[in-house]
Amino acid sequence: PQDDYFTPDAGAAFFGRPYQVTRDMDRMGIRLDGEKLHHNDKGAEIVSDGVAPGSIQVPANGQPIVLMADCQTSGGYPKIATIIRADLLRLAHVRPGDEIRFSAVDHAQAAAALQAMARQLARWCESIASFRPPGVVDETALYEGNLISGAIRGDELAWYAM
């Protein structure tokens with residue numbers, strides 16, 4: 001983060017107050033609305049530098065933008081913080097009007113959160129069970145769910161073409 005581009009009060013406001021998710025959101029980023037974050041005399045722009053998903057840029061209007069999965073590769077607004085990887089997936093599920101809060105964590109806490117997420121995902125993957133034994137095809141379900149009203153073998157295709 002380029003926290004040296006913000007007033008001391010900006011950091012306290014960022015971590016101390018909730019932000020509301022706006023309707024301006026997509027896979028590139030999520031714009032937030034809340035207390036305005038003030039830049040110091042260095043200004044609200046920087047020489048473009050690399051950004052990554054999770055970077056939180058703050059343009060001149062003082063409202064944070066969280067960069068998401070399809071974000072650009074560089075940006076020219078100062079970054080006040082970065083979302084940890086374990087929380088970035090959760091943030092992808094917010095909706096307009098949702099309220100979010102930020103908290104500061106250190107590297108050890110971020111790593112522990114990522115490990116916990118990996119364990120949870122592994123448990124979920126292990127719990128997936130096949131609905132039917134391998135090799136069994138439920139033809140009734142296929143016919144009922146197939147909008148073209150059936151399935152044919154490849155060698156029957158010539159017969160349907162006549």
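Student: How many residues lie between S1 and S2 in their hairpin?
Tutor: There are 3 residues between S1 and S2 in that hairpin. The two strands pair in the antiparallel sense over 3 bridges, and Gln20 stands opposite Asp33 in S2. Two strands count as paired if DSSP finds at least two bridges between them. Strands are DSSP runs of E with at least two residues, helices are runs of H or I with at least four, and both are numbered from the N terminus.

Student: What kind of model is this, and how are the residues numbered?
Tutor: This is a predicted model, in which local features need pLDDT of at least 70 and side-chain atom pairs count only at pLDDT 80 or more, while totals for chains, interfaces and linings use all residues. Residues are numbered from 1 along each chain as its sequence is written, and side-chain values use heavy atoms, with hydrogens and water left out.

Student: How many helices and strands does the protein chain have?
Tutor: The chain has 5 helices and 8 strands. Along the sequence, their pattern is α-β-β-β-β-β-β-β-α-β-α-α-α.

Student: In what order do the strands of the open sheet come?
Tutor: The order is S7-S4-S5-S2-S1-S8, 6 strands with antiparallel pairing. At the edges are strand S7 (79-82) and strand S8 (99-100), each of which pairs on one side only.

Student: What holds strands together in general?
Tutor: Strands of a sheet pair through backbone hydrogen bonds, either parallel or antiparallel.

Student: Which strands does helix H1 lie across?
Tutor: Helix H1 (residues 8-16) lies across strand S1 (19-25), S4 and S7, and it runs at about 35 degrees to S7. Axes here are lines fitted to C-alpha atoms, for helices over the stretch in contact (heavy atoms within 4.5 Å). The angles run from 0 to 180 degrees between N-to-C directions.

Student: Changing topic: how many salt bridges does the structure hold?
Tutor: It holds 5 salt bridges, a salt bridge being a side-chain nitrogen of Lys or Arg within 4 Å of a carboxyl oxygen of Asp or Glu. One of them joins Lys79 and Asp49, whose closest N and O atoms are 2.8 Å apart. Lys79 is in strand S7 and Asp49 in strand S3, so the pair ties together parts that are 30 residues apart in sequence.

Student: Is Lys79 buried or exposed?
Tutor: Lys79 counts as buried, at 7% relative accessibility, whereas Asp49 is partly exposed at 25%. Buried means under 20% relative accessible area, exposed means over 50%, and partly exposed is in between (1.4 Å probe, protein chains only).

Student: Where do Lys42 and Asp4 lie?
Tutor: Their side chains meet in a salt bridge of 2.6 Å, N to O. Lys42 is in the loop between strand S2 (29-33) and strand S3 (49-50) and Asp4 in the segment before H1, so the pair ties together parts that are 38 residues apart in sequence. Lys42 is partly exposed at 45%, and Asp4 is partly exposed at 39%.

Student: Which residue forms a salt bridge with Glu35?
Tutor: Arg17 does, with the closest N and O atoms 2.2 Å apart. Glu35 is in the loop between S2 and S3 and Arg17 in the loop between H1 and S1, 18 residues apart.

Student: Which residues is Gly76 in contact with, leaving aside its neighbours within four places in sequence?
Tutor: Those residues are Ala44, Glu45, Ile46, Ser48 and Gln57. Gly76 itself lies in the loop between strand S6 (74-75) and S7, and it is partly exposed at 23%.

Student: Finally, where does Trp124 lie?
Tutor: Trp124 is in helix H3 (residues 107-127), and it is exposed, with a relative accessible area of 53%. For the chain as a whole, buried residues make up 28% of the 162 residues.
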